[in-house]
Amino acid sequence: MKPDKLRNLLIELEGRVSRLERTYERSDHIAIPLAAVKAEVRRYLSKVDSLRAADVAALEKQIRDITIPDDQPNLANLVLGLKFGLNQLGPDELLESLPGQKTAAFQFRLDEDVLKVIDQPLRPSSREKEMAMAALEAAVEHGEYVISDLAATNSSPRLKEAFRQLQVTIAGYKNVVQVGVRAQICRRLVHGDIEELSPTMFSLLIGHIESVFSALAQFEDWRIYSKNAADLNIDAGSVERLTQSTAELVKQLRDEHLADISVINALDTASKWVQDSEVPDNRDVLSLTRSLENVWSVVSRVALGIGRDIVTDGRKRIAAAIVTALLSAGGIVPVLAKIPGGEWVETVYSYFKTAGEKPPGGI
């Protein structure tokens, strides 16, 4: 990896550590070690051309020894990038660094020789389960009345369909992210049709949407997801590149029959959620980026494990073909690298590119 790439990784690492310092400035047991890490990173920045494997190993140990509730994996991902840049990272170590399926609009599984969408059941903790499920059940019950009252109005078909889809998603009792995204869509449409709605109907619809978000707030997965979305700092140009590259990926998956139709529809839907608003909500952007991360994760796991895992030839071939499609839609990767926790994709992408733009085992 060229020195400028290593320098960019170190700069990103310094910025992440600085943000963590501000977050934990009142916790000496975290803030002091973070300051030491930042000092080391700055020292390495002054000598990028002479950065050695031992330097990265020492930095990795410093980070590993800090007890950071949420961000330690993100720091570790940046260190993995440095290790790859110094030709330290092999397929086995890269394989071990891959995350599993993250909370997102969609999760995936490579089922024999077909990539499919899988369900995401609700997972409230035992501490929050009773209250969370009761709140969701109340939202489902109220939604039935809202759908009935809305059907009797002259509201736009699009608004009625949005609330119908929201109701179906809530009543399925799964996938908090999809519920949240559909509630956001409903809110945008209600405000867009405000002149066509009576004050009573407007209040009813907004009240229902707020009850849905109140129910979601009872689930830890949604609270963490919303916090991650709030922390996003991504420019409009990057969002546009992301949706364009996703469209390229979707077209290739469809044209070459590389995935089940549910996968193609899922990625297309998540991309349209982002495009449906002039100023995309960060939660919509995160729903798309996390879904793309999940695709990268599931196929990379098989592609990197070729030669050691007992998998069918069909599964090997489809994983290799989808990785090649992901490499072709390269505009996705720089955006994912800007998403906290998504840095690992750039490392995996670089590995496959270095391997000759095809994963181990070929196509």
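User: What share of the protein's contacts with a separation of 6 or more comes from residues 24 or more positions apart?

Analyst: A contact means heavy atoms within 4.5 Å. In this protein, 73% of the contacts with a separation of 6 or more are between residues 24 or more positions apart. The model is predicted: local features need pLDDT of at least 70, side-chain atom pairs count only at pLDDT 80 or more, and totals for chains, interfaces and linings use all residues. Residues are numbered from 1 along each chain as its sequence is written, and side-chain values use heavy atoms, with hydrogens and water left out.

User: How many helices and strands are there in the protein?

Analyst: Helices (H or I, at least four residues) and strands (E, at least two) are DSSP runs, numbered from the N terminus. The protein has 16 helices and two strands.

User: How are the axes of helices H11 and H12 arranged?

Analyst: Axes are lines fitted to C-alpha atoms, for helices over the stretch in contact, and angles run from 0 to 180 degrees between N-to-C directions. The axes of H11 (residues 236-255) and H12 (residues 261-275) come within 10 Å and cross at roughly 160 degrees. H11 is therefore roughly antiparallel to H12; angles under 35 degrees count as roughly parallel, over 145 as roughly antiparallel, 65 to 115 as roughly perpendicular and the rest as oblique.

User: Which residues make the contact between H11 and H12?

Analyst: H11 contributes Val239, Thr243, Thr246, Leu249, Val250, Leu253 and Arg254, while H12 contributes Ile264, Leu267, Asp268, Ser271, Val274 and Gln275. An α-helix has 3.6 residues a turn, so residues three or four places apart point the same way.

User: Which residues of H12 are buried, and what do they pack against?

Analyst: Buried means under 20% relative accessible area, exposed over 50%, partly exposed in between (1.4 Å probe, protein chains only). In H12, the buried residues are Val263, Ile264, Ala266, Leu267, Ala270, Ser271, Trp273 and Val274. Their packing partners are strand S1 (107-111), strand S2 (114-118), H8, H11 and helix H13 (282-305). H8 is itself mostly covered, with 13 of its 17 residues buried. Across the protein, buried residues make up 50% of the 363 residues.

User: Is His257 buried or exposed?

Analyst: His257 counts as exposed because its relative accessibility is 67%. His257 lies in the loop between H11 and H12 and has a positive phi of about 55 degrees, although it is not a glycine. Asn175, in the loop between helix H7 (157-171) and H8, also is not a glycine and has a positive phi of about 60 degrees. Asn175 counts as buried, because its relative accessibility is 7%.
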